[in-house]
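Please keep the sequence and the structure in view while reading.

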4 protein chains.
Amino acid sequence: MARPTPLDPDFAQRVRDSFGRQPFMRTIGAELTDVAPGRCTIELPFREDLCQQHGFLHAGVTGTLADNAAGYAAYSLMPADSSVLTIEFKMNLLAPAVGERLIARAEVKRSGKTITVVQAEVSAVKEGHEKPVAMMQATMMCLHNAPDRP
Amino acid sequence: MARPTPLDPDFAQRVRDSFGRQPFMRTIGAELTDVAPGRCTIELPFREDLCQQHGFLHAGVTGTLADNAAGYAAYSLMPADSSVLTIEFKMNLLAPAVGERLIARAEVKRSGKTITVVQAEVSAVKEGHEKPVAMMQATMMCLHNAPDRP
Amino acid sequence: MARPTPLDPDFAQRVRDSFGRQPFMRTIGAELTDVAPGRCTIELPFREDLCQQHGFLHAGVTGTLADNAAGYAAYSLMPADSSVLTIEFKMNLLAPAVGERLIARAEVKRSGKTITVVQAEVSAVKEGHEKPVAMMQATMMCLHNAPDRP
Amino acid sequence: MARPTPLDPDFAQRVRDSFGRQPFMRTIGAELTDVAPGRCTIELPFREDLCQQHGFLHAGVTGTLADNAAGYAAYSLMPADSSVLTIEFKMNLLAPAVGERLIARAEVKRSGKTITVVQAEVSAVKEGHEKPVAMMQATMMCLHNAPDRP
């Protein structure tokens, strides 16, 4: 989708506020580093306590970042008084998640009133070089008249 | 698959040892509560620091449990000197993950020399009542001659 | 889901009528052999002109049956004045689709007002023996006030 | 993947020969219109006998094209004496498949010795305008020492 127009001019703040209300993001040390209409980037510095048995970041961490980036990419295009819900996601792991940090970038591919389809890619940054480690295709749902804020 | 026969008689200990080497499981407080040939159960007590913005357990946590249960269900049928790798997974979210604990149960549906296909279901236990919150279909790969242990 | 109650008492006829309006089902020779609340079975006799390069039924044919069985299993629980739409599906191929016929059986796992999640399994029957060849997990959507009939 | 190098200089002919041995492609009238290293395009003229109940091309047809384009994109990078096998695919439907023809374009995203991950997009061409109707993410497997030819 080339340059989608957000319904809510304050979409970026709304996304950042929602991200800030996710305790799990603080637990794993994830940061929302960019939001644009239909796009979102989340980054995570490597930590040993997030790894699986071979010292790579756990697929569950990679999936968490991709799902969250996908959800907020979708949410950026939704109306102010809505919430976003993950219906489903599918992720392929391409390579071990090793390096100094992970970057998950998501982009909306189809934005509808109810259903939004998003692709996300997760890369690992090692010594300044970025390598794709996972690819996600996800389906998000808009809950109208159900603001995300508490 | 009705009662698959494990190639490795010590499969249960091998699975438990591998699970024990996953720092991320300790970080989120997940426990391996059952291993059988082609099956695995992982449980997780509710914790606020694992939640998303509405107070439900984060989809990334649910996905982590389902992926891990699926991987170890597959690994239980693999030979002693092998490792297991997640190729991909797809998960549908069925209901908000609320309650006292999550239970992820996985079962191998097709076990081949290289590729294993697994289904997993995650339920939330609330006041003694169990409710399905997610369903996963995953593809695992056996790395032969690549022991999991360090 | 244990014995879901259909909203429309005439669900079976509605499903059969809709299936009968799918020209592609006639083209490939598929038959709707069973409909129950939240369940559907579609069968297809083997035909050489539906095969891929190794003489097995094409994955696209297997996917067609699974998607259609999943869609009609979902549709059986939807209201009379609705249509069903496939949002997405994911299918694992377990074994080559060879034999005298394919049987696709689908079962609703979560039925909501808008979103329904379905699992389907496709088996091949060869000399009276049934073998699983594919597994699907699919997401269907209900279009309210949009009758399927022309 | 930027300009992958094929292992087999005759990859294009090998892909075309394999496609030519798929009777189902003739049955539905699909044509292989382009092969490049890690890429494949398949097109299909609209036909009423390939439709579902609302007069749109059946999701099974769309899935068949995407799966086949994905499989041959992967196969273009595999060695001469190999076969390609679909392990699994996941497809989102974005819009009704209407128009004069469908175009499925696939591109390899990760090519390994055994496992290849591919993305495919299917567009519908209507009065000269192209519109995305489906997106697939698929996993293919290389069978070594198992030539595709009969």
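Two residues are in contact if their C-beta atoms, placed from the backbone, lie within 7 Å. By that criterion, 9 residues of chain C are in contact with 9 residues of chain B. The model is predicted: local features need pLDDT of at least 70 and side-chain atom pairs count only at pLDDT 80 or more, while totals for chains, interfaces and linings use all residues. Residues are numbered from 1 along each chain as its sequence is written, and chains are lettered from A and ligands numbered from 1 in the order in which they are written.

On the side of chain C that touches chain B, two or more residues come from each of strand E3 (83–93), strand E4 (101–111) and strand E6 (129–143) of chain C. Helices (H or I, at least four residues) and strands (E, at least two) are DSSP runs, numbered from the N terminus. E6(C) gives the most to this side, with 3 residues.

The contact between chain A and chain B takes 29 residues from chain A and 29 residues from chain B. On the side of chain A, the elements that give two or more residues are helix H2 (23–28), helix H3 (59–75) and strand E3 (83–93). E3(A) gives the most, with 8 residues.

E3(A) is also joined to strand E3 (residues 83–93) of chain B by 5 bridges, and the two strands run antiparallel. Two strands pair if DSSP finds at least two bridges between them. Within this pairing, A:Phe89 has B:Met91 in E3(B) as its bridge partner.
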